[in-house]
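User: Please take a close look at the sheet in this model and at what surrounds it. I would like the cut-offs behind each term stated as you go.

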Amino acid sequence: QQQKFRRLADAVGLHAGAHVLEIGCGWGGFALFAARTYGCRVTGITVSEEQYELATSRVHAAELEHLVDIRLCDYRD
């Protein structure tokens, strides 16, 4: 999974100071990886309350609230 995240991040040229909008952020895996590895900001959105709860918990546990913002919303809104 980490290799997949790295290939994606490198393909789009992620860097510190970049801001990523991740639609359908799942459990927050890529958001955490991108923030930790590249120092970029990530806004992740999900429609799943369960994914939102776990992803925000993981962000808090990693102390990355200053870089990662997980939101419970529908991107169509």
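Analyst: What follows describes the sheet, then the helices across it, then selected residues and the surface.

This is a predicted model, in which local features need pLDDT of at least 70 and side-chain atom pairs count only at pLDDT 80 or more, whereas totals for chains, interfaces and linings use all residues. Residues are numbered from 1 along each chain as its sequence is written, and side-chain values use heavy atoms, with hydrogens and water left out.

The sheet is open and is formed by 3 strands in the order E1-E2-E3, with parallel pairing. Strands E1 (19-23) and E3 stand at its edges, and each has a single partner strand, so one side of each is left without a neighbour in the sheet. On average, neighbouring strands of this sheet are turned by 15 degrees against each other, direction ignored. Strands, like helices, are DSSP runs numbered from the N terminus (E, at least two residues, for strands; H or I, at least four, for helices), and two strands count as paired if DSSP finds at least two bridges between them.

E1 and E2 pair in the parallel sense over 5 bridges, and Val-20 stands opposite Val-42 in E2. Strand E2 (residues 41-46) also pairs with E3 in the parallel sense, over 5 bridges, and Val-42 stands opposite Val-68 in E3. Because 5 of the 6 residues of E2 are buried, this strand is largely enclosed by the rest of the structure; buried means under 20% relative accessible area, exposed means over 50%, and partly exposed lies in between (1.4 Å probe, protein chains only).

Helix H2 (residues 29-38) lies across E1, E2 and E3 and runs at about 170 degrees to E1, while helix H3 (residues 49-61) lies across E2 and E3 and runs at about 160 degrees to E3. These angles run from 0 to 180 degrees between N-to-C directions, with axes fitted to C-alpha atoms, for helices over the stretch in contact, where contact means heavy atoms within 4.5 Å.

Within E2, Thr-46 is buried, with a relative accessible area of 4%. Leaving aside neighbours within four places in sequence, Thr-46 is in contact with Cys-25, Gln-51, Tyr-52, Arg-71, Leu-72 and Cys-73. Leu-72, in strand E3, counts as partly exposed at 40% relative accessibility. With neighbours within four places again set aside, the contacts of Leu-72 are Thr-46, Val-47, Ser-48, Glu-49 and Tyr-52. Leu-72 and Glu-49 are 23 residues apart in sequence and 6.8 Å apart in space, C-alpha to C-alpha.

The count of salt bridges comes to 2, a salt bridge being a side-chain nitrogen of Lys or Arg within 4 Å of a carboxyl oxygen of Asp or Glu. In one of them Arg-71 is joined to Asp-69, with the closest N and O atoms 2.6 Å apart; Arg-71 is partly exposed at 43% relative accessibility, and Asp-69 is partly exposed at 30%. Arg-76 forms a salt bridge with Asp-74, where the closest N and O atoms are 2.6 Å apart, and Arg-76 counts as exposed at 63% relative accessibility.

Finally, Leu-21, Ile-23 and Tyr-75 make a nonpolar surface patch of about 360 Å². Patches are made of residues with over 30% relative accessible area and no salt bridge, like charges being joined within 9 Å and nonpolar side chains (Val, Leu, Ile, Met, Phe, Trp, Tyr) within 5 Å; accessible areas come from the Shrake-Rupley method with a 1.4 Å probe, and for residues only the protein chains shown count as cover. Tyr-75 is placed in the segment after strand E3 (68-72) and is exposed, with a relative accessible area of 56%.
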